[in-house]
Amino acid sequence: MSACGVGHIYGERAAVADVHLDVVAGERVAIAGPNGAGKSTLLRMVATLLRTGTGTLTVLGEELPGGARRARCGIGYLAHDPLAYLDLSPRQNLQLYADLFGVQDADRRIDDLLERVDLIARADDPVRVLSRGMAQRLALARMLLHEPRLLLLDEPHASLDAAGTALLDAELATMHADGRAAVIVTHEVERIASVADRLVVMRRGRIVVDEPVAGRGPAQVRARYEECIA
Amino acid sequence: MSMAVNRPRWTRQLAGLIRKDLRLELRTKETVMAMVLFSIVTLTIMQFGFGTRDDDLTRFTGGLMWVTLAFTAVLGVGRSYVAEREQRVLDGILASPVPRVVLLAAKAIAIVIYMAITELVVIPVVGIFFVKGPYWDSIGWIALVALIANVCIALSGTLFSGLALFTRARDLILPVLFLPALVPVVIAGAGATHAVVGGPHDMSEYRGYCLFLVGYAILFLLVCIATYDAVFDD
Amino acid sequence: MPSSTTDHASRRVIGARAALIWGVIAAVLVTVASVGVFLVAPEDADQGVIQRIFYFHVAIALVSLVIFAVACVAGILYLRTRNVRWDDVSVTAIRIGMLFSVLVIITGSIWAKASWGTWWVWADPRLVTYLIVVLIYAAYFVLRSSVDDDRRLRYSAIYAIAGFVSVPLSFYSVRIAQSFVHPVVFTSGGANMPGSMLIWFLISLAAMLALFIALLEVELVGRRTERALRALSLRLESS
């Protein structure tokens with residue numbers, strides 16, 4: 001994906017302004033920043049859920065908004081909310097998304113994923129009765145369902161339980177090999193060292209730092225982040 | 001891991017969305033139950049609103065039926081996006097490669113089904129409550145005009161419920177948007193029903209109203225196709 | 001930066017000049033039409049002086065349809081270009097259209113009182129249609145005031161289109177309902193108008209059209225100025 005001078009304005013306040021960001025295949029980019037820095041807004045624009053006000057945004061080779069529908073086929077989006085119907089079961093939710101994304105051999109793929117996120121025993125209970133961590137693991141399965149080439153994660157660690165976090169980290173670790181990319185918006189700066197290759201810090205809608213993580217440990221990343229937003 | 005992007009077929013997307021809506025409705029049974037109860041209560045109120053317990057309202061059968069169905073439609077259409085909004089699923093649907101018109105079609109078909117179930121109750125009840133004279137032999141004609149009107153209601157209703165979705169006080173906004181657009185449907189539905197109930201049938205009149213409803217449906221279909229992309233284009 | 005500012009300023013001046021010109025044209029035409037309709041045009045044999053309200057009643061009704069068509073086209077153009085200027089045109093047109101529709105109802109009501117002795121006649125298709133039209137477009141403002149930012153402009157544009165489709169549907173449904181119950185008696189009366197009446201009718205029509213354009217231009221100048229002012233104050237704030 002490639003963003004060039006991208007911005008978005010809510011009313012008369014610019015939530016994101018003049019952002020330039022390129023993410024190449026196999027790269028994992030972490031976006032950090034204080035509340036209201038525009039991280040989630042930027043992610044929603046990349047997820048084709050919000051139009052760019054200014055600049056051009058290209059995702060998976062498709063320029064938005066014109067190519068949004070083709071781009072959506074290759075995007076996996078993990079939001080704060082599980083994006084699942086509470087009165088349907090995990091399996092029924094995944095069936096819906098399999099239909100929407102045109103997933104081949106859907107039943108096998110769904111069973112496979114439910115197994116991986118350890119929900120197969122609860123596959124037919126309504127999502128309403130599942131715990132928050134379970135629902136978020138379902139969201140993880142939903143995100144991976146159509147084998148997306150670009151993962152967009154909004155605060156993934158805030159709502160995932162330990163099992164979910166381990167799964168996600170394992171998934172992110174394999175991304176290099178098969179040329180998929182990820183953008184991770186996060187508060188938990190310490191985690192960046194283990195899940196991302198690049199650190200981007202946003203402040204008041206603008207990118208203030210964009211540099212490789214390059215083997216820094218959690219404490220060093222935290223120190224660097226504090227320095228950036230000071 | 002394959003790099004080939006799946007090309008989702010819209011027929012499968014549509015079927016998936018309708019199946020989802022019907023599954024939700026089967027589990028909760030909220031919408032249809034409320035619509036049926038509401039319509040019967042409204043019909044009961046009508047008798048006292050228009051006369052005393054003794055007055056013969058046969059003449060007003062069409063009007064009573066379609067005013068009731070119009071208000072019931074507002075109720076049902078207002079429930080269209082409740083699950084998506086309250087459970088915050090809409091982002092997930094919108095982030096998938098589904099054409100917005102397919103979303104509209106799925107919601108519209110669900111509304112047609114809910115309205116049809118409601119009419120299954122309302123049409124006989126109207127006959128029992130209000131009509132003195134022939135009614136049951138023309139029930140096929142009433143069902144036909146109801147079916148056409150349902151398509152009209154579903155198309156305009158889905159468009160307006162999409163507009164009301166993110167407004168403040170949306171439960172008030174929807175009737176204000178939707179009811180004026182329903183006036184022609186009520187006029188034509190009541191007129192067509194009137195033409196075949198409680199006396200000699202006037203088929204040319206009936207046909208005229210039905211054709212008008214078909215025209216209404218086509219016009220709103222075109223508007224929906226032209227604008228629905230923009231409804232969800234944030 | 002200086003070039004864009006002058007560009008902006010000059011455009012605003014051009015808009016103001018157009019508003020002024022149309023204002024003068026409208027004033028002249030409305031005066032001519034009023035004088036003609038009330039003093040020159042021949043008196044109707046059956047209805048007497050009250051028939052003179054017909055010139056304005058029908059002219060306003062016809063022009064209001066044009067206005068809503070303008071709003072609909074501006075809505076389509078807004079959705080295509082996402083340029084806020086088209087939203088300005090759309091909302092202003094609907095505001096004026098509402099004014100005209102209310103005038104149609106008032107003049108029609110006066111006419112009904114004089115002809116049939118009651119202020120409201122459900123048998124008059126024009127009165128009933130315009131009542132529905134007023135309800136349709138009143139909802140536009142309710143919708144507009146309950147959403148913000150981008151959505152407000154987008155939803156307004158969509159509703160301007162859907163509303164305009166509802167107008168002929170309402171008109172036609174009222175008409176066919178009437179024609180089945182009893183044949184339409186009250187036609188617009190345009191078909192069998194003598195030439196001297198027709199001329200004054202056409203002048204009234206032109207006057208109302210000019211009035212609409214003048215009102216539109218004035219309002220648009222106001223809106224553009226206001227927006228430019230807000231942008232300026234925002235820039236001053238941030239610097």
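## Reading the helices of chain B

Helices here are DSSP runs of H or I with at least four residues, strands are runs of E with at least two, and both are numbered from the N terminus. Read along its sequence, chain B follows the pattern α-α-α-α-α-α-α-α-α. That makes 9 helices and 0 strands. The radius of gyration of chain B is 19 Å, close to the 17 Å that the globule rule gives for 234 residues, so chain B is as compact as a globular protein of that length. This radius is taken over C-alpha atoms, and the globule rule is 2.2 Å times the number of residues to the power 0.38.

Before going on, please keep in mind that this is a predicted model: local features need pLDDT of at least 70, side-chain atom pairs count only at pLDDT 80 or more, and totals for chains, interfaces and linings use all residues. Residues are numbered from 1 along each chain as its sequence is written, chains are lettered from A and ligands numbered from 1 in the order in which they are written, and side-chain values use heavy atoms, leaving out hydrogens and water.

## Inside and outside chain B

Along its principal axes, the C-alpha trace of chain B spans about 75 × 35 × 30 Å. Of its 234 residues, 56% count as buried (buried is under 20% relative accessible area, exposed is over 50%, and partly exposed lies in between, with a 1.4 Å probe and protein chains only). Among contacts (heavy atoms within 4.5 Å) with a separation of 6 or more in chain B, 80% come from residues 24 or more positions apart.

Arg88(B) is not a glycine, yet its phi is positive, at about 50°. With a relative accessible area of 52%, Arg88(B) is exposed.

Next comes Ala169(B), in the loop between α7 (139–164) and α8 (170–196) of chain B. Ala169(B) also has a positive phi, near 50°, in a residue other than glycine. Its relative accessibility is 49%, and Ala169(B) counts as partly exposed.

## A look at chain C

In chain C, Trp111(C) sits in helix α3 (residues 84–116). Trp111(C) is buried, with a relative accessible area of 15%. From Trp111(C) to Ile158(C) there are 47 residues in sequence and 35 Å in space, C-alpha to C-alpha.
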